[in-house]
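Visitor: I am new to this structure and would like to learn how its features are read. Could we go through them one by one?

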Amino acid sequence: MTFLDPAALMRIRSLELRARVVVEGLWRGLHRSPYHGFSVEFTEYRPYVKGDDPRHVDWKVAARTDRHYIKKYEDETNLRCQFLLDHSRSMQFGSMAGLRKSDYAATLVATLSYFLMQQGDAAGLSTFGQHLDEHIPPRNRPGHLRRLLVELEKPSAHATTALATSLASITDLLRKRGLVMLVSDLIAPVEHLESQLGLLAARGHDVVLFHIMDRAEVDFTFTEAAQFRSLEGGSQLFVDPAAARAGYLERHGAHLKKIRDVCNRHGIRYQAAITDVPLEKLLLDYLKETSGKSGLRVN
Amino acid sequence: MNFLFPLFLAAGAAVIAPLLLHLRRQPPSKVTEFSSLDFLQPTAVPTTTKRRLERWLLLLLRCLALLLLALIFARPYRSSADADLQKGRGTATLILLDRSASMSRGDLWEDAVSRVLDHVGRAHASDRLAVGVFDRKLERVLGFDDTAAQGVSERLGLAQAALKELKPGVMATQMDAALIDAVTWMDETRRSGNDELPPPSSREVVLVTDLQEGASLERLRGFTWPQDITLDVEVLSPDDTSVADLAIAMVNEQDSKAEEVVRARLTASGQADAVSYELLLDEKKIAAGQAIAGTSRIVKAILPDDEKSHSLKVLGDEWELNNVVHLAPRQPARPVVLVLSSAASVSDSSSALYYLKRALQPTARLMPELLSVRPSDDISVWSRASSAIVIADGPLGKHLASARAFAEGGGNVLVLLGDTDHGLHEICGPGFQFEEAVVKNYALLTNLDTSHPLLAPFDDQRLANFNQMHIWKHRLLKGGVEGASKLIEFDDGSPALVELARGKGRVFVMATTWSPADSQLALVPQFVPFVYSWLSIAGSTMDASHQLLTGEMIPGTQKVADALGLVKEGNETYAVNLPPDESRLAPQSPAKFAGMNIPMSDQPGSSEEGSGGMSGMKLEHEALERQQGYWFLLLGALLWIVGMETWLASRGFVGESRGNVQAQRTT
């Protein structure tokens, strides 16, 4: 199976179109066609079991098949998914031309939102940087996807990330249980992060963590000595990559390990998302691995 | 190779600067943005110096550029040319000394002579030298050939002897003519050059002058000055420039019978604000006042009614040459015009004599005497006549024969034909006949022969129109006028004025008169010019002025007025004055010569700075350097190197191995 190169994907300017391209690819990857045998009506029936209210039995189906099926209500069956998207300045980094972490993250969120709302599930979005920026509760109404996409396309306005504070604010806002997907590069002290992630999990949410990383952050691919300037804060440091690479990889690896440990402790699904990995592949891997574990279904 | 300014070579030490700069390593200035510095440890910044030179080609070009710059400022010249100097290819120098009237101020002349001698003394033995003085024209004092075989001291002696006898004159300054003559002089010398001497390496004219404002330079504007002759102007000025100068010059003469008013322009110049003056006429004070420097005023003096010479003098400044205006005595011409008539009267307005009397008014220059003669008068009166008019208005008797004798003796006779012939053949020749012409309304004059001296004034368009003059009556000449020249015709083709030769003199016959019954001739503007023209060809002119300026020709002679005051030539006395331009003493700028495309020597001398500071050898070296112009070639090379350096630097050429460059580009 061939996947779409992320850099080529990002050249599609419309976020909605980008999401649709990824979702179509995703369906092909799942060997399912979204255009055959898939209907709202079919998915909203289930066999009658004892104790169900007979008013919800579909008698036409019973007359035709001699079997009893019950109509399912939306609020009873739909998934509520809240995306938490990191809008900090560090997300603007991208070692490949035209492929920043923020673009990759926005496309990922748009794709999942599109995918979920096609299934009739509700998707919401919260963006944050130094503080909670925008909060759109999960819904599945006509036009809601558009609202999410508009919000995703807004440029980042934050210099630094206050991940723990923002997560605390969001935890207060999420009353109903559901799926919470945190999309961030997680450039923050892990200690603060752990308490908030733990709180979210403790409230009954299914928490999934998409850790967005650039290849240069993972492997430290720089070769030329230069003044390195932080995107968050603007501080500068003279670094010769040849001398500094080993130390960096060690410290970065330790950071990743801490994050994984936190996730394991709190039952949080961790998914590393490196920007040079095609989105379809990332999602397929995720969906296949988590089928049945989280609320995200593959029909 | 020698240098004019070798000190500039020290600037070549500046090549150390690019060397040091190339040895210095720039700390990496590239900035790479990264998401977070939390996982990075700082690396030590590399040292700023290095032992190995990079970009060696750029370094070489930059060092070369600095060295060339130092060389250009040092002004190199070839030493072999210096040897030429030693072989005798010196300069040819012509020293021109101004001896116009303005040079007689203060000690200008002594200063100028010492400057000339200084130049002569400073000239190298191989130089060729000539000295000339000029005022209105150039006079050669010491020729190139005179000094060719002389040593420096002999030349100096010759120049001293020649200049010792010279003094400033009273002429105006024709500097343009003198300079043009000087160029001719130098060219002549080159053409007839002494074969034993090599041609001069350069040619120069040294002008020692006060360069006063009145010096004429106009002709130089249209003159093509040879570009290989440089001009060195040494401007002299009086020691005390604060003294004002007063000058007086005649404006014009106003003729009047009773009195003569002389108008003169009194000019004050100099740096003093105002100067007191007294105006004297024949040493008697007639006016006094204050003259403001830089201004001029017209002063008037009323001359006594006599025929003596006078002088107008202004007192108040030191230089007196321009303080006097000499006035020639009044010397009017006194022609005796004899009018022969039987009835003409001075008081009768219908008479021709009436108008003639009024036309011939006496002036300061012409005082005609009108002598009316009746047939009954004695013929002895003809001995006084200088010209005669015969009005044939009646029998004239014995005077006709006298008139003929007067004409044949060289006199001019004008005959006005009346109604009837009264024996005019006596005067006009045998066979002379005329009759009354039939005129319908009026006749006009036409076909004037303006080439004849009598009618020359009517060549002027302002007097050429005779169409407004009507002739009511005129006569037709029937015989006796064969061979006569016809000067004017009537519009019917008959002659109106003819000239007949009689012995040494001539007789003009007019076929009408100017009395109002015959014509309007006496009433038109052409009448007075006609009468004066007739007097003029009879030898009585009023044009000759007796006021001359120095340098002008004395009328009737080949002499030039070269002294101030009164000059007597024959019966005439002339007053000679200083030309007014010679009193315009403000100095001009030598830059004017440069504006006329005359190459100037680099350091034009002036009375303040002098020229003693620069040795002759130095000047020669400068001339050599200018001729060779090596600095120009060096400048071209410098520009090429700078261009190459810019091109290489823009292409990022580093002078290192290709592999290294490729490696850097890849990263």
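Visitor: How many helices and strands make up the secondary structure of chain A?

Guide: Helices (H or I, at least four residues) and strands (E, at least two) are DSSP runs, numbered from the N terminus. In chain A, the secondary structure comes to 12 helices and 10 strands, while chain B has 16 helices and 28 strands. This is a predicted model, in which local features need pLDDT of at least 70 and side-chain atom pairs count only at pLDDT 80 or more, whereas totals for chains, interfaces and linings use all residues. Residues are numbered from 1 along each chain as its sequence is written, chains are lettered from A and ligands numbered from 1 in the order in which they are written, and side-chain values use heavy atoms, with hydrogens and water left out.

Visitor: What share of the residues in chain A is buried?

Guide: A residue is called buried under 20% relative accessible area, exposed over 50% and partly exposed in between, with a 1.4 Å probe and protein chains only. Buried residues make up 49% of the 299 residues in chain A, and of the 667 residues of chain B, 46% count as buried.

Visitor: Why does Ser184(A) count as buried, and which residues does Ser184(A) touch?

Guide: Ser184(A), which is found in strand 6 (residues 179-184) of chain A, counts as buried because its relative accessibility is 0%. Touching, or contact, means heavy atoms within 4.5 Å. Leaving aside residues up to four places away in sequence, Ser184(A) touches Asp86(A), Met91(A), Leu163(A), Phe210(A), His211(A) and Ile212(A). With Asp86(A) there is also a side-chain polar contact of 2.8 Å; such a contact is a pair of N or O atoms within 3.5 Å, where within protein one must be able to donate a hydrogen and the other to accept it, and residues adjacent in sequence count only if both atoms are side-chain atoms.

Visitor: Where is Leu282(A) placed, and is Leu282(A) buried or exposed?

Guide: Leu282(A) lies in helix 12 (residues 279-290) of chain A and counts as buried because its relative accessibility is 3%. Among the residues that Leu282(A) touches, not counting those up to four places away in sequence, are Tyr104(A), Leu108(A) and Phe210(A). Leu282(A) and Leu108(A) are 174 residues apart along the chain, and their C-alpha atoms are separated by 9.3 Å.

Visitor: How many residues of each chain are in contact across the interface, and what area do the chains bury?

Guide: Here 31 residues of chain A are in contact with 19 residues of chain B. Buried area is the accessible area (1.4 Å probe) that two parts lose on being put together, summed over both, and chain A and chain B bury about 2,300 Å² between them, 67% of it on carbon and sulfur atoms. Arg229(A), Phe238(A) and Arg251(A) supply 26% of the area that chain A buries against chain B, more than any other three residues.

Visitor: How many salt bridges and polar contacts does the rule find there?

Guide: A salt bridge is a side-chain nitrogen of Lys or Arg within 4 Å of a carboxyl oxygen of Asp or Glu. The rule finds two salt bridges across the interface of chain A and chain B, including one between Lys30(B) and Glu224(A), whose closest N and O atoms are 3.4 Å apart. For polar contacts across this interface, the rule finds nine residue pairs, both residues at pLDDT 80 or more.

Visitor: Which strands of the two chains are joined by bridges?

Guide: Two strands pair if DSSP finds at least two bridges between them. Strand 8 of chain A and strand 2 (residues 31-34) of chain B run parallel and are joined by four bridges; in that strand of chain B, Phe34(B) is the bridge partner of Ser230(A).
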